[in-house]
Amino acid sequence: MLNFELIKKAEINSEFYPFFTVQDVFLNKQDHKKIAADFPNLNKGGSFPSSSVSYGESIQSLLDCLEGDQMRNILENKFGIDLKDKPVVSTFRGYSRIKDGKIHSDSKTKIITVLLSLIHISEPTRRTPISYAVFCLKK
């Protein structure tokens, strides 16, 4: 589901903190639509653990990719860290609130943040949705 080769090839930017981004992170353009359709209905602000919401099959496939050994190995190699035996916590984001915005440094125990955004830009030059992922190492 995720284009692991693009993720592996992405260059780390360390200007503010080590991070890299990947645009069009899905292997199949149809996955974007499936994930958007299967996304949990979140009608309030905050972050919601994946275990606390209902979602469709494509979301489960995405979580399996994000939480799997292949992703763990890529992140370990790219950032030069050991993630063995470290827990993975997947959350879904509701509406943004004024007090939000500290997603990367919101926890003393967080090592890496992966933000996956699904957006659709209505402009003549871009007819398809854009997916991008941001991978940040906490310092």
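Analyst: Let's start with Asp85, which is found in the loop between helix H4 (69–79) and strand S3 (91–93). Helices (H or I, at least four residues) and strands (E, at least two) are DSSP runs, numbered from the N terminus. This is a predicted model, where local features need pLDDT of at least 70, side-chain atom pairs count only at pLDDT 80 or more, and totals for chains, interfaces and linings use all residues. Residues are numbered from 1 along each chain as its sequence is written, and side-chain values use heavy atoms, with hydrogens and water left out.

User: Why is Asp85 called exposed?

Analyst: Exposed means over 50% relative accessible area, buried under 20%, and partly exposed in between (1.4 Å probe, protein chains only). Asp85 comes in at 71% relative accessibility, so it counts as exposed.

User: What makes the phi of Asp85 worth a mention?

Analyst: Most residues other than glycine have a negative phi. Asp85 isn't a glycine, yet its phi is positive, about 65°. Asp24 also isn't a glycine and has a positive phi, about 55°. You'll find Asp24 in the loop between strand S1 (19–23) and helix H2 (29–38).

User: How many helices and strands does the protein chain have?

Analyst: Four helices and five strands. Along the sequence they read α-β-α-β-α-α-β-β-β.

User: What share of the residues in the protein chain is buried?

Analyst: Of its 139 residues, 37% are buried.

User: And which share of contacts joins residues at least 24 apart?

Analyst: With contact meaning heavy atoms within 4.5 Å, the share is 65% among contacts between residues at least 6 apart in sequence.
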